[in-house]
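Here are my notes for you to read alongside the model. Have the structure open and look up each part as you go.

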Amino acid sequence: MNKIMKKGQTGDLLTSRSYGERKAAIEAAVQEILFNVGEEPAREGLQRTPERVARMYDEILAGYSVDPVALVNDALFNVEYDEMVVVKDIEFFSMCEHHMLPFFGRANVAYVPSHKVIGLSKIPRIVEMFARRLQVQERMTRQIAELIEEVLEPQGVAVVIEASHLCSMMRGVKKEHARMVTSTMLGCFRKSDKTRNEFLHHLDSQNVSI
Ligand SMILES: [Zn+2]
């Protein structure tokens, strides 16, 4: 589990600064942004905005402080089952690391167990842990697949994510890339057309095309 622990490790700043210090620093930075975009930070509607933004980041970037070992450990079960497990339409909200604007959509996860399964409610929690960070969709897709591969040692795992990116939609550039589909296929999903097609067939109903 050491490798998993490393993946979920928080940044150095998170451990070397107190919560209060970090919150104050974010508030000061937001104050600077407000001033430098031409706003009047002291006006009534903006007075508490730096504090609100700092508190909001606690929630929407909470994934940095989730311990993946604790998240999955109590929900692993040894079973003799080797049929595909599919969890579809997991709604998520993330933040693009290039612009710090939201991207959001649905994740679809499948695996074929070899000797272990995970409680079904944990798959959306894994998606959420990786979504609630500054992300790029491609990396998030891979991280979800690799964590499941590591904890379950399955015959294979597949993740397909479809998301809309506000940084493209709002800025009016590359509108055709505003909605993006990414996928990671590992093990039997990569090797076997039949397994991969079985999973993609599950997704057909929602018109995901990869
Ligand atoms: Zn972006």
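1. Let's start with two helices. Helix α3 passes α4 in a right-handed crossing. Keep in mind that this is a predicted model. As for the geometry, α3 covers residues 19-36 and α4 covers residues 49-60, and their axes come within 8 Å and cross at roughly 130°. That angle makes α3 oblique to α4. If you wonder what the numbers are for, two packed helices are described by the angle between their axes and the distance between the axes.

2. Which residues of α3 and α4 meet? On the α3 side they are K23, I26, E27, V30, Q31 and L34, and on the α4 side T49, P50, E51, V53, A54 and Y57. Sorted by class, this contact of α3 with α4 has seven nonpolar, two polar and three charged residues.

3. Now move to the sheet. Five strands make up an open sheet in the order β5-β2-β3-β6-β7, and the pairing is mixed. The edges belong to β5 (134-135) and β7 (179-187); each has a single partner strand, so one side of each is left without a neighbour in the sheet. As background, strands of a sheet pair through backbone hydrogen bonds, either parallel or antiparallel.

4. Why is β3 described as largely enclosed by the rest of the structure? Because eight of its eleven residues are buried, where buried means that 20 or more other C-beta atoms lie within 10 Å of a residue's own.

5. Check both partners of β3. Strand β2 (residues 85-96) runs antiparallel to β3, and nine bridges join them; V87 stands opposite V109 in β3. Strand β6 (residues 156-165) is also antiparallel to β3, with ten bridges joining the two. Here you can find A107 opposite I161 in β6, while F103 has H165 as its bridge partner in β6.

6. Is R125 buried, exposed or partly exposed? It has 16 C-beta neighbours inside 10 Å, so R125 counts as partly exposed. For a bit of context, R125 and I90 are 35 residues apart along the chain, and their C-alpha atoms are separated by 9.6 Å.

Notes:
Residues are numbered from 1 along each chain as its sequence is written. This is a predicted model: local features need pLDDT of at least 70, side-chain atom pairs count only at pLDDT 80 or more; totals for chains, interfaces and linings use all residues. A residue is buried if 20 or more other C-beta atoms lie within 10 Å of its own, exposed if 12 or fewer, and partly exposed in between; C-beta atoms are placed from the backbone. Axes are lines fitted to C-alpha atoms, for helices over the stretch in contact, and angles run from 0 to 180 degrees between N-to-C directions. Helices (H or I, at least four residues) and strands (E, at least two) are DSSP runs, numbered from the N terminus. Angles under 35 degrees count as roughly parallel, over 145 as roughly antiparallel, 65 to 115 as roughly perpendicular and the rest as oblique. A crossing is left-handed if the near helix is turned anticlockwise from the far one by less than a right angle, and right-handed if clockwise. Two residues are in contact if their C-beta atoms, placed from the backbone, lie within 7 Å. Ala, Val, Leu, Ile, Met, Phe, Trp, Tyr, Cys and Pro count as nonpolar, Asp, Glu, Lys and Arg as charged, and the others, Gly among them, as polar. Two strands pair if DSSP finds at least two bridges between them.
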